[in-house]
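The sequence and model come first.

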Amino acid sequence: MQPRNMSMSGVVDLAAVKAAQEAKAKAEQARAEAARQGGGAVPAVSPSSLVIDVDEAGFEREVLQRSTEVPVVIDFWAEWCEPCKQLSPLLEGLAREYNGRFVLAKIDVDANQMLMQQFGVQGIPAVFAVVAGQALPLFQGAAPVEQIRQTLDQLIQVGEERFGLTGLAVDADAQDGEQQEAPVAEVPAGPYDALLEAAVQALDAGDLAGAVQAYRNVLSDDPGNTEAKLGLAQAELLQRVQGLDAQQVRKDAADRPADVAAQIAAADLDLVGGHVEDAFGRLIEAVRRTAGEDRDAARVRLLELLEVVGSDDPRVTAARTQLARVLF
């Protein structure tokens, strides 16, 4: 699973355009069918239904089908997990605060090992989302509430703009009758949260040099910080393609297939444009047909791009397998 990354403005799109269009169409069909079966308007839900416990048996109904109406945020947790005891109440409070803009599905990993494996969860707490049947990782570990709100806002925006999901209507009378929830509490910040947040803000503002430096500052003290590694790989990729003439880069790559530098530049553009498999395939082919320093340059850039996409992506697994076959 990818490490926590609170920005959803990364270089790799949430899904391919074709897949998004198909998912949107399926979501619209599902909503229309639900409306027909219900005799018209979809009834309002009670606030208690905004936070649900989900198991393997109910996953298709409670998560996949529901995601055609509203984004479903999944909280993978366990009773023995101390950070979960901080994050889960926070997410529950936000689900009520957002009042139907998303639904929170809580999955106990001890009782639902298959779901944990299917999502590639490597540590908890881990938070995913399912939107119109499309799954995506959001973050791992506890996080400050304002960062989580930013991620939820971006998720909801994607759901509305790409899939037409406008959320659920909540029964105001039922809400008035329920006990007032406690204010959402802040989760204590980690030792590098301020630096990581500065890097995310720099990325969102287009200050790529500032983002690169902020991530490097974290890695200078904590070389194993996975979030900083991923963020640095993303920021450096964006920095490399900034100012490039995309048309000329692609022409150079087509005219000079043996030119490793041209293929590397084109692979960067492929990835930024969301053409993940094209980027990986281009560099694997460059590794296959070259030797010495050229081969090493293509291999190193491929590994960097694999880091950008994240080890949980099946395309990364496939690319690593193909690279191993070419090398050995």
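## Helix α3

In this predicted model, the buried residues of α3 are C84, L87, S88, L90, L91, G93, L94, A95 and Y98; buried is under 20% relative accessible area with a 1.4 Å probe, protein chains only. They pack against β1 (51-53), β2 (72-77), β3 (103-108), β4 (126-131), β5 (134-140) and α5 (145-163).

Helix α3 spans residues 82-98, and its 17 residues reach 25 Å from first to last C-alpha, close to the expected 24 Å (1.5 Å times one less than the number of residues). N99 follows α3 and has a positive phi, near 55°.

## The α7 and α8 pair

The axes of α7 (residues 193-204) and α8 (residues 208-221) come within 8 Å and cross at roughly 160°, with axes fitted to C-alpha atoms over the stretch in contact and angles run from 0 to 180 degrees between N-to-C directions. That makes α7 roughly antiparallel to α8 (over 145 degrees).

Contact (heavy atoms within 4.5 Å) involves L195, L196, A199, V200, A202 and L203 of α7, and L208, G210, A211, A214, Y215, N217 and V218 of α8. Of these residues, 11 are nonpolar, two polar and none charged; Gly counts as polar and Tyr as nonpolar.

## Whole protein

The protein has 14 helices and five strands, taken as DSSP runs of at least four residues (H or I) and at least two (E). Of its 328 residues, 44% count as buried.

## Basis

Residues are numbered from 1 along each chain as its sequence is written. Local features need pLDDT of at least 70, side-chain atom pairs count only at pLDDT 80 or more, totals for chains, interfaces and linings use all residues, and side-chain values use heavy atoms, without hydrogens and water.

Note on methods: Angles under 35 degrees count as roughly parallel, over 145 as roughly antiparallel, 65 to 115 as roughly perpendicular and the rest as oblique. Buried means under 20% relative accessible area, exposed over 50%, partly exposed in between (1.4 Å probe, protein chains only).
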